[in-house]
Amino acid sequence: MFFVNLSLAEIGMIFGALSAFTVTLYLLSRARKQQRVATLRFWVSSQDAARQVHRRRIDQPWSLLLQLLAILLLVLAVSQPRWGDRDGGARDHVLLIDTSSWMAARTGQGQNTLSIDARREALRWLRALPVQDRVMVVRADSLATPVTRFESKRDVLEPAIRESTPGQSALLLEQALEFARHALRVQARRAGEIVYAGAGRVVSAGEAPGAPAAPKGPPLRLLLTEKPVENVGLTRVSLSRAPTEANLWEVNVSARNYGSQFRRIPVAAAFGGAVMANRSLELNAGQEVSVTLPLRTQAAGWVEVRLFTKDALSQDDRAQLEIPEQKPLRVIAYSDDAEALRPVLEADARIETRFAATAAYRADADADVVILDRFRPPQAPKVNSIWIEPPQNGSPVPVSKVAEQVALSRWRNDNPLGAGLRTKDLKLGSALVFRPAAGDISVAETADGPVVVARAAAGGNQPKLVVIGFHPMRSNMRFELATPLLFANCLHWMAPDALRTRNVQATSVGSIRVPIAAKTNPDTVRVLSDSDTPIPFTLHESEVRFFTPRASTVRVLTPEREQVYSLTLPQVADSVWQPPAQALRGLRSMSGAPPLAKELWAWLATAGGLLLLIEWLLYGRQRNARSVPTLPRRPFELRRAS
Amino acid sequence: MAAPIIERQLLEKLERLTIRWQKSFRGLVGGHNASRYAGPGQEFLDHRHFHQGDDLRSVNWRAYMRLEKLFLKMFQVEPRTPIRLLLDASESMVAGHTGSEMSKFDYARKLTAALVYVGLVRHDSLSIQPFHEHLSDPITASGGRHRFGPAADYLSALKAGGRTSFFELARQFISEYPKPGLLIIVSDFLDDGDPIRPIQYLADFGHEIMLLHVWTESERFPQLSGDVALTDAETGQRLEISLNDEACAAYTKAFDDYAASLEQLARRNGGRYAGLSTSFALEDAIFKALMSPAAQAERAGAGRPA
C-alpha cells in the first residue's frame, strides 16, 4: 500500500492539526456556559437527573473518538492510498521524437508535414499507455535532447510532444538510441520501451546507414511516418574571390537530388535582389552536382543562391552569404626610381600603390604603409614604414657597419617576416649591417650581423617598421623569388587584415570541419559566432572541428585566412535507416495495461462520512431536537359582545 | 415615533369582545354583567312576597288584581364591577428569552393593553397596576375607547426590574382594595417563595381571579446542554449543573407541573387560567386561547373566520 498525494509525515501532520482542533472544540463545548435565567426553581427539581447526566458524560468521549476516527479516515482518503505495489507494474519509456530537418518535409498538398504526423502518432501512443507508466520525451536530431524527465503526468508530456518542431540538423539515430538505452539503464525504475517517432532518415556519414543491429536491452518500437518525398536541395554554397580579378567572385553551388526521379532545376545567384548569374542543374536520382557561378561586384552585401523548385523541403532551396567588405592596402612609395619597385608592389590586386618623389614626402601621408627608398625623411612617418637602404645617419635602426661583398647567410624563418624566404649563395655588393635593439626582429642575417630588421610597435602606439640594409631590386636579389615574398611578408605583417584570404561558405548546421594551413599555431585560431562570442572547437591535424546545432554565421580565423560559414542550410539526411527486424511497429502489440493498484480513497471517504453520520445520529441530533410549542391547556373567558 | 403597542387592525377586531366574569358582585348599576343580586335593574328577576317597607312601585298590581295578594317584582342588577389588572414588572419578565423571541414583559404589556381596550369599549372601569416587590401606583382607564391612549402610553413607558413578591402583593392589595372584583394577574408567576398561597388569599377575600401565565418557548424548553452555570435574574443566585436532554425534560415537566398547579388554583376558586407562550401571535392568543368555548362556537356558527 502506498499514498499518492501525501506522505506519511504529511498525513500525520494534517491529522494531528485537525485532531487538535477537534479536541479543542470538544473541550470548549464541555466548558461551563454562563446562562441567565428567569428562575432556578425548576432547575433545582431537575438536579437529580442532571447529576446522572454528569456521570454519563464520562462516557461521551465516544463521540470524540468517532469524530477523530472519521477525520482520520477522511485524511487518509485525501492522501489517495492505493493497495498494491507503488509501481503497480508501471514501466518507464523513452520517446524519441525526430526533430531533424527532414521532418519539415511536406507530405501532401496541404501544410501537413512529417513532423505533424510523427507527433500525432506519438500522442496516440502516449494515450494508449497505462496511466502509471512514465515517459521521457527526447528530441532527436544531431543531438539527443531530453525535454522531460521520466514523467507520468500527461499534461506535461503532451505539450512537450506538441512543441517538438523540426530543427536544422540531421538525425543521428544511433546516438539517440544509445542515449535512450543509457537513460533507461540509469534512471528507469522498470525499463519499458524505446519508441521512435519519425521518418527514419539519417546521415550516412560514410557508414552503412541501415546496418541492422541486434537490439540490446529494451525493445524498440517504431512509429514511422516515412512517405515518398521528392526533394532537391542545396548542400553547399561557397564564395571565393577569383585570383585573377579583384572584383570577381566565384560562387560554387552544390545541389543534391534526394528523390527518385530525374530533375532539371534552375539555380540563380542574386546580389542585392538582382539576379547576377543563373544556370540549370540536371540531377539524376540521388546525384549531387556542383556548378560555379561568376559574380562581379566591388561592394559588400548579401548573395542569395536559390533553387527554383517546388519540392517537399523548402528550407534547403535557398542560401544566403555575405560578401565581406574588402578594403585595399594603400601604399605610398617615396622613391626617385619608381620603376624599380613597381613590379613587386603592383603584382597583387589587393594592394593599391602610389609612387611619389622623395621631395614630396609628407609625414602624415594618407596611406597604410609608406616605403622610403634610400633617403632620410625630415620627420619620421606616422604610419607603418619600410625603409630601403636608408642613409647611415638617418636609419631608424643604428647601423654598425657597411659590409661589402657580404654573403646573406640566413633568413629567419622562425618569424612571420621570414616565413618561406630562401636564397642560395646570395652575395650582396653592399649592405648596411644593423645593430638591433632589444625587441627588434632580425629577418635576414650575414656573418657581420643582421641586414634586415623589423621593429614592432612599442607600447602599441608606435607604427611598425622594417629596415632593409640593401636595395632588393638593385642587388643580386632582384632575380630571387624571395624578393616579392619579402615585401609580401612585410606588408602582411604590418596589415594582416587587409591581405587575409576570405572564403565564405553556406553549409548546413551540425558538425563542421574546416581545413587550415598545416602547422598553424593553435593559439592563433579563433572560431567566433555571429555575435563574436567564441565557439568551442578542436584542432585535429590540419582541421578545425566545431559543432553548432542552430542556424548561424561562424567565422574561423587563422593568420592567413578568414573563413565565414553561413550555416543557413539544413542538414538533410540522405539515406533511409533500416531498423532491426525485431523492432515493433505501430501501436499494435502494445501490452495491455497491467492491473492498477486498487484505489481505496472512495471506501475511506464513505466510511468517514458514515462515522460522522452515526456520531450525529447518536449525539448531535438529540442535542438539537426540541419540542414544538403547544397551545394553552384551558381557554380564557372572552366572549363576543352581544 | 415609537410603534403603537397594538396595531389598529387588531383594535378593530377587539371591539367585538367583552370581558366577562362568573361571580356576582354588588356594585353600582351600569355594568353589563348580570348579577344574582336583585336591585334597580331593567331585567326581571323574580317575584317575592311584599313586606312592609318595600317600594310600592315594584308591586305587581296585575298579580294583585288576579290573586289579591301583593307580590313584589325583583329586577336583576347589572353592577359596574371594578376590573383590576396586575401586571408583573419584575426582572424575570425580561430574562431568559432568546434574541428571536419577544420578551414576556413586552408580550404581557400588549396583552394587558388589549384587555384594557376591550374593557373600555364596553365602558368598564379598569385599573392597571404594575407590581414587583410591591404594588406600584395604579392608572385607571374608563370612559370609552377614546381613553385608551393614556393607558397605552402608560404601558409603553413601563420598565421591568426588581424581584417578585406575591406575599407583599397580596398583603398590599387586600389592604388597599377592600371591594372585591375581577382581578386579572398577567405574570410569569416566578417567585422565590410560593405564589400559590398569596393568590389563594386574594381569592378567599372575594376576588375573582384570572391568571394569565406568560412564558417564552426557551423558558419552557431550554436550549441548554452540557455544563452550564445558571444565574437567577432576580436573586443573582448561581447554580452549576450538567444538562442533557433528560435533565431538560425534567425541567419542562417541573415547569408544566407548576403551571398545572396554577390552573388548579384558579379553577378551585372559580377563577380562570390561561397559559400563553410569547410565540403565539397576540391575535391568536386572544381569539383562540382566551375566548370561552361558547364564544368560539358562536363565532363558528356565525360563519366568521376564527
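**Notebook: strands and helices in chains A and B**

I began at A:V331, which stands opposite A:V369 in strand 19 of chain A. This is a predicted model, in which local features need pLDDT of at least 70 and side-chain atom pairs count only at pLDDT 80 or more, while totals for chains, interfaces and linings use all residues. Residues are numbered from 1 along each chain as its sequence is written, and chains are lettered from A and ligands numbered from 1 in the order in which they are written.

**Parallel strands**

I noted the terms. Helices (H or I, at least four residues) and strands (E, at least two) are DSSP runs, numbered from the N terminus. Two strands pair if DSSP finds at least two bridges between them.

I found strand 17 of chain A paired in the parallel sense with strand 19 (residues 369-373) of chain A over 4 bridges. Strand 17 (residues 329-334) of chain A also pairs in the parallel sense with strand 18 (residues 351-356) of chain A, over 6 bridges. There I saw that A:Y334 has A:A356 as its bridge partner.

I then followed the chain from strand 17 through helix 8 (residues 338-345) to strand 18 of chain A, and these make a right-handed β-α-β unit. Right-handed here means that, with the strands pointing away from the viewer, the path from the first strand over the helix to the second runs clockwise.

**An open sheet**

I looked up an open sheet of 7 strands in chain A, with the order 14-11-10-26-32-31-28 and mixed pairing. Its edge strands, each pairing on one side only, are strand 14 (288-296) and strand 28 (526-528) of chain A.

Within chain A, strand 31 (residues 552-557) and strand 32 (residues 561-569) pair in the antiparallel sense over 6 bridges. I placed A:L557 opposite A:E562 in strand 32 of chain A.

**A helix pair in chain B**

How do helix 3 and helix 4 of chain B pack? I read an angle of about 165° between helix 3 (residues 104-121) and helix 4 (residues 148-156) of chain B, with their axes 10 Å apart. Axes are lines fitted to C-alpha atoms, for helices over the stretch in contact, and angles run from 0 to 180 degrees between N-to-C directions. Helix 3 and helix 4 of chain B are therefore roughly antiparallel to each other (under 35 degrees is roughly parallel, over 145 roughly antiparallel, 65 to 115 roughly perpendicular, the rest oblique).
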